[in-house]
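Dear colleague,

Please find below the structure I am handing over to you. My notes on it follow.

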Amino acid sequence: MKNIFLIVFYISFTFTTKIVNSYICSDDSRIKCTADKFPKGLTIKKVFELDWTEEQKMKAVEKAFQLFGAKGYGSYKGGSTKRDKFEGGQVLDVFSGTPANLPVIFHNEMGYTMAPPELVAFMCFKRAEVGGLTKIAENSRVLSLLSEDLVTKLKTLGLQYIRNFSDKNFKSPLGIPVYQTWQSYFEEEDINKVISQVNQQENDKAIILEDGGIQIMMTRPAFIAHPPSGKEVFFSNVIDYHGFLYDEYEDKPFSKLPYNLRPFHCLWGDGSEITDEEIGEMRKAFDDSTLFIQLKEGEMMFIENLLLSHGRTSYEGKRKVGVLISPNVHRKELERQMLNREEL
Ligand SMILES: [Fe+2]
C-alpha cells in the first residue's frame, strides 16, 4: 500500500513539475509581483492533501524534497537561530526565528556561513490569519539595481558578519531568543575553549566582551560560485544581519546600543561600517525586486538558495510552516565544481 502511494505520488510529482508556470505574475490574488518576471530557481507545487495524517504530510514533503534533488538533508549548526523539528521527521519549524509581528528581512539561507545549502524548501501546513507572505527576490536583479560603487565594494571588500552572544547569567533585554547565550549555542561552558574553537576557523575571529559575552566576526565574500551557470553570483545576508533591524522592534530596546553590540550586525569586509545610505540603497533594491507569495496549505516552495533571497511579511494568528534544507556545501567545493565545469 505504501509503495502504491509513493508510485502515485512520484507520477503526480513528475507530471506537475511545471505547475509553477500557472502562478507567473497572473491575476491570482495570492501573488503580488513587483518584479517583471517570475524568478528562475523558484518552483511551487502542491504536495499533500489537507485530510492526510500528520505522518503522511511529513513523509510527502520529505519525499518531494528528495525527488526535487536535495540528496539528503543539511544542518542548521551555525545557524542564526535554534530550530525545532516537527514530530516524526526532518522538517524544521520556522516559528522559532523572528517574532511574528516583525518581518523576516531578505537573506540567502546561511549566507554568512562557509557551507550554505543549495536548496531550501518551505511547506505550508497552516496559513496565518493575516499576513505571513513569503517574499522572494532574484539576487541578480537586486545586484542590477545597485550603483556601480556599491557593486564594486561588495566585490572587492566582501562582508564581515558579527554575532554577539550573552553569558547565560545575563538575560536578553527582550526576553526573546535574539541574544542567544554562548553556553547554549556552542554547547560549552569553558569560554576559552569557545574562543579557541572559533579562532581555528578560517576567516572567523572571536573575542570576549566586557560583560562576559562573546563576539564573533565572520569575514565572507558577498559572492559565491554557482556551478550550474558557471558564474559568481551575489549571495549574502547583508541586510538581514545589519544592526538597523533592531530599530524596528517595538519600544526599541536596542536603540541605545551601537550597531556592533546588537545581536547581529554586518560591516564591510575591511571592518568599516556600511553607511545608512548604502544599506538603504540595498534595501530598496530588494524591495523593488520583491515577489510576494501566499502559499496555500498543502503547497511546497522550492528555492535555489544560491540565486534567490527569501523573507516573509509579519503576521497574526497561528501559522505552521516548515523548512527543509539540502546538505551544506562548502564554498570551496562549489568553486571546485565550477572550475571542473569550465574545463569540460
Ligand atoms: Fe531563511
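This is a predicted model: local features need pLDDT of at least 70, side-chain atom pairs count only at pLDDT 80 or more; totals for chains, interfaces and linings use all residues.

Confidence and overall content

The protein chain contains 9 helices and 18 strands. Of its 344 residues, 36% count as buried. Among contacts between residues at least 6 apart in sequence, 76% join residues at least 24 apart.

Mean pLDDT for the protein chain is 85, and 85% of the residues reach 70 or more.

The four-stranded sheet

S9 and S10 belong to an open sheet of 4 strands, ordered S9-S10-S8-S13 and paired antiparallel. Its edge strands, each pairing on one side only, are S9 (204–208) and S13 (264–268). On average, neighbouring strands of this sheet are turned by 20 degrees against each other, direction ignored.

Particular residue pairs can be located along the sheet. Lys205 has Met217 in S10 as its bridge partner. The hairpin of S9 and S10 has 5 residues between the strands, and there Gly212 takes a positive phi near 90 degrees. S10 is in turn joined to S8 by 7 bridges, again antiparallel, with Phe165 opposite Ile214 in S10. On its S13 side, S8 (residues 159–165) pairs in the antiparallel sense over 5 bridges, and Tyr161 stands opposite Cys266 in S13.

In a regular strand, side chains alternate between the two faces of the sheet. The covered face of S10 consists of Ile214, Ile216, Met218 and Arg220, while Gln215, Met217 and Thr219 make up the uncovered one. Helix H6 (residues 191–199) lies across S9 and S10 (214–220), and runs at about 160 degrees to S9.

The five-stranded sheet

A further open sheet has 5 strands in the order S2-S15-S5-S18-S3, with antiparallel pairing. Strands S2 (42–46) and S3 (92–93) are at its edges, each pairing on one side only. S3 is joined to S18 (residues 320–325) by 2 bridges, and Asp93 has Gly322 in S18 as its bridge partner.

The nonpolar core

The largest nonpolar core comprises 73 residues, and those with the most contacts inside it are Val61, Ala121, Met123, Cys266, Met300 and Met301. Strand S5 (residues 119–126) gives the most to this core, with 7 residues. At least three residues come from each of domain 1 (2–140 + 294–302 + 310–343) and domain 2 (144–283). Leaving aside neighbours within four places in sequence, Met301 is in contact with Ile44, Ala121, Phe122, Thr134, Ile293 and Leu295.

A loop residue

Glu248 lies in the loop between helix H7 (238–241) and S13. Is Glu248 buried or partly exposed? Glu248 is partly exposed, because 13 other C-beta atoms lie within 10 Å, whereas a buried residue would need 20 or more and an exposed one 12 or fewer. Glu248 and Leu102 are 146 residues apart in sequence, yet their C-alpha atoms are 7.8 Å apart in space.

With kind regards

Note on methods. Residues are numbered from 1 along each chain as its sequence is written. Two strands pair if DSSP finds at least two bridges between them. Axes are lines fitted to C-alpha atoms, for helices over the stretch in contact, and angles run from 0 to 180 degrees between N-to-C directions. Two residues are in contact if their C-beta atoms, placed from the backbone, lie within 7 Å. A nonpolar core is a set of buried Ala, Val, Leu, Ile, Met, Phe, Trp, Tyr and Cys residues joined through C-beta atoms within 7 Å. Domain bounds come from an automatic or database domain assignment. pLDDT is the predictor's confidence in each residue, from 0 to 100.
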